[in-house]
Amino acid sequence: MVNDPFGDLRDLYQEVILDHGKHPRNHRHPPDANHEARGDNPLCGDRITVYLTIDTDGLIRDVAFEGRGCAISTASASLMTEVIRGKRESEARALFECFHDLCTKDDADIPDHGPVDEDALDRLRVLSGVREFPVRVKCATLAWHAMTAALAGSAKISTE
Amino acid sequence: MQKDPRCKPQPAHKGLPPEPYDIERVREDFPILKRLVHERPGRLGKPLVYLDNGASAQKPRAVIDAMVCCMELEYSNVHRGVHYLSQQTTDAYEAVRDKVARFLNAPSRENIVFTRNATEAINLVAATWGRCTLEKGDEIVLSILEHHANIVPWQLIQAEKGFTIKVIPCDDRGVLDLDAYAALLGPRTKLVSVTHGSNVLGTITPAAEIARLAHERGIPVLFDGSQAVVHQPVDVQAIDADWYVFTGHKLYGPTGIGVLYGRTELLNSMPPYQGGGDMIASVSFEGTTYREPPYRFEAGTPPIIEGIGLGAAIDYIETLGRTNIAAHEQTLLARATARLEQIEGVRIVGTAPGKAAIVSFVMDGVHPHDLGMLADQMGVAVRVGRHCAEPLLARFGLEATARASFGLYNTIAEADALVEAVLAVKEFFR
């Protein structure tokens with residue numbers, strides 16, 4: 001588009017992001033969630049809670065989130081719930097490391113984190129546009145930070 | 001003492017007639033307004049539409065020149081030199097105290113304490129008067145409109161002393177509930193500390209009435225004037241403030257300089273804030289005595305260059321006329337409000353009668369952070385988020401708003417540019 005006033009931002013706000021931002025997947029509170037953590041980005045007023053349902057053998061059986069933030073943080077949370085479901089805790093953590101690099105480093109500078117789910121990483125690549133906008137990196141990684149905090153926290157017994 | 005003749009910047013608006021307000025001439029005084037943003041090879045930049053004045057205002061040439069002049073021609077430390085330059089700098093710096101006193105209609109220059117900013121001014125009162133006065137069982141009254149700068153300093157002292165903080169509520173327009181306020185005042189109330197103008201909603205609070213109700217019960221009142229002093233004339237005697245604080249950088253002056261006005265008896269009763277040079281009468285290892293206010297509260301080398309910049313900012317504003325500035329800003333507010341209200345899905349937060357030229361708003365389906373970033377691509381700079389006023393945002397059930405805050409150099413065309421940006425963002429997320 002020649003006269004697109006937002007030309008520079010089209011890489012950041014790709015269709016996938018707009019879609020997940022508007023219609024986030026797994027935007028709910030699973031009654032059987034046994035880990036949860038809140039992510040808070042006071043700068044822009046994003047507040048989300050990530051819920052994990054983890055099996056006794058460390059498999060993430062369900063992932064969901066509640067709360068809304070900007071399009072970037074909401075889309076990132078939504079995509080995260082899709083890619084880490086069915087993963088082991090260690091796999092989810094490894095994926096975050098790769099994703100974090102994707103958001104902050106040029107492709108050439110991304111170190112090898114060992115084997116990860118390349119398909120999942122490809123899906124997350126749509127968020128790599130935040131590299132050019134340092135203030136938005138926090139938005140893109142908010143849900144992931146909450147997810148790792150939820151993993152680190154002790155299992156909670158759901159009262160619901 | 002004579003100023004260096006090379007050190008007299010041409011006042012651009014000497015003798016400017018009050019009507020009509022010549023906005024194009026005013027804009028000429030602000031070098032930064034000529035710049036483009038998002039300019040790079042292969043892409044034309046966008047003219048800057050600066051609507052983030054509530055966070056910090058741009059600086060007129062007169063302020064820049066005064067500070068450069070100080071450093072180039074008149075700079076030395078103040079209050080302690082016998083030499084020529086020290087005396088010259090001291091005179092220039094202390095003259096700003098007189099200017100600030102006149103600006104606020106304070107009874108005397110001795111009522112004016114220089115601080116780093118409004119935040120430090122409130123911390124100063126909390127850490128000195130607050131720590132000496134407030135005890136367990138006492139109550140202080142703040143309002144729901146407060147910036148964190150008028151909440152957290154009191155909480156720091158509260159953690160030591162254990163008093164209670166009461167909060168004046170507001171209605172859905174953002175108007176303080178004075179009946180609720182009066183009901184909060186009681187025998188245990190030791191202080192009222194409220195904003196004179198909300199940085200989020202633009203509400204101008206009825207300062208004189210707030211002070212009157214408190215004074216009937218012998219309770220002192222502090223006003224945070226950071227926003228109010230920018231948008232309208234302020235007379236600390238008319239509103240009967242016990243303390244009044246503001247910051248320089250929102251008033252078209254530099255960062256690093258703020259003001260605490262204090263009633264004489266109160267300043268006299270307050271112990272030093274920080275210790276060091278300049279605030280002492282005499283020092284020995286057996287015991288030290290302190291100077292009289294305001295110097296008692298100004299330890300160490302003060303923000304000399306910044307102070308001189310603030311003086312130039314006040315001169316500049318007085319030349320334009322605060323009433324003229326307010327009238328101009330109100331036309332911008334009216335235009336932006338009327339046009340934003342017509343956009344379906346946009347809701348203005350804060351509709352108090354007589355509010356200052358600040359428009360907070362939210363938009364269905366679009367987070368303020370996205371709105372702000374996209375508007376910025378069109379050159380429109382607004383603030384988004386919680387605006388350092390989390391309790392107020394929570395009161396309105398909001399996580400964030402976008403905020404356009406107008407200044408004396410903004411134009412009707414810029415109010416329209418804001419509206420065009422909001423419409424474009426709405427279309428983007430459709």
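This is a predicted model: local features need pLDDT of at least 70, side-chain atom pairs count only at pLDDT 80 or more; totals for chains, interfaces and linings use all residues.
Chain A comes first, with helix 3, residues 89–104. Its 16 residues should span 22 Å at 1.5 Å a residue, and the end C-alpha atoms sit 23 Å apart, which agrees. An α-helix has 3.6 residues a turn, so residues three or four places apart point the same way. The buried residues of helix 3 of chain A are A:Ala92, A:Leu95, A:Phe96, A:Cys98, A:Phe99 and A:Cys103. What do they pack against? The partners of these buried residues in chain A are strand 3 (60–66), helix 2 (71–84), helix 4 (118–124) and helix 5 (134–152).

Next comes the contact between the chains. Chain A puts in 14 residues and chain B puts in 16 residues. On the chain A side, the residues that touch chain B split into nine nonpolar, two polar and three charged.

Two packed helices are described by the angle between their axes and the distance between the axes. For helix 4 (residues 118–133) and helix 5 (residues 152–161) of chain B, the axes are 9 Å apart and the packing angle is about 25 degrees. With angles under 35 degrees counting as roughly parallel, helix 4 of chain B is therefore roughly parallel to helix 5 of chain B. The crossing of this pair is right-handed. Helix 4 of chain B brings B:Ile122, B:Asn123, B:Ala126, B:Gly130 and B:Arg131 to the contact, while helix 5 of chain B supplies B:Pro153, B:Trp154, B:Leu156 and B:Ile157. Sorted by class, that contact of helix 4 with helix 5 in chain B has six nonpolar residues, two polar and one charged.

The other pair is helix 11 (residues 322–341) and helix 14 (residues 412–428) of chain B, whose axes come within 9 Å and cross at roughly 25 degrees. That again makes for a roughly parallel arrangement of helix 11 of chain B and helix 14 of chain B, and helix 11 passes helix 14 in a right-handed crossing. From helix 11 of chain B the contact draws on B:Thr331, B:Leu332, B:Arg335, B:Ala336, B:Arg339 and B:Leu340, and from helix 14 of chain B on B:Ile412, B:Ala415, B:Leu418, B:Val419 and B:Val422. Here the classes come out as eight nonpolar, one polar and two charged residues.

The peptide bond from B:Pro293 to B:Pro294 is cis, with omega near 5 degrees; B:Pro294 sits in the loop between strand 12 (287–290) and helix 10 (304–320) of chain B. B:Tyr252, though not a glycine, has a positive phi, near 70 degrees. This tyrosine belongs to the loop between strand 9 (243–247) and strand 10 (258–262) of chain B, and with 28 other C-beta atoms within 10 Å, B:Tyr252 is buried.

B:Cys388 is another non-glycine residue with a positive phi, about 55 degrees, and lies in the loop between strand 16 (383–385) and helix 13 (390–395) of chain B. Is B:Cys388 buried or partly exposed? The count of C-beta neighbours inside 10 Å is 18, so B:Cys388 is partly exposed. B:Ala389, also found in the loop between strand 16 and helix 13 of chain B, has 25 other C-beta atoms within 10 Å and is buried. Leaving aside neighbours within four places in sequence, B:Ala389 is in contact with B:Glu146, B:His147, B:His148, B:Asn199 and B:Val200. B:Ala389 and B:Ala400 are eleven residues apart in sequence, and their C-alpha atoms are 9.9 Å apart in space.

Definitions and conventions:
Residues are numbered from 1 along each chain as its sequence is written. Chains are lettered from A and ligands numbered from 1 in the order in which they are written. Axes are lines fitted to C-alpha atoms, for helices over the stretch in contact, and angles run from 0 to 180 degrees between N-to-C directions. Helices (H or I, at least four residues) and strands (E, at least two) are DSSP runs, numbered from the N terminus. Angles under 35 degrees count as roughly parallel, over 145 as roughly antiparallel, 65 to 115 as roughly perpendicular and the rest as oblique. A crossing is left-handed if the near helix is turned anticlockwise from the far one by less than a right angle, and right-handed if clockwise. Two residues are in contact if their C-beta atoms, placed from the backbone, lie within 7 Å. Ala, Val, Leu, Ile, Met, Phe, Trp, Tyr, Cys and Pro count as nonpolar, Asp, Glu, Lys and Arg as charged, and the others, Gly among them, as polar. The expected span of a helix is 1.5 Å times one less than its number of residues. A residue is buried if 20 or more other C-beta atoms lie within 10 Å of its own, exposed if 12 or fewer, and partly exposed in between; C-beta atoms are placed from the backbone.
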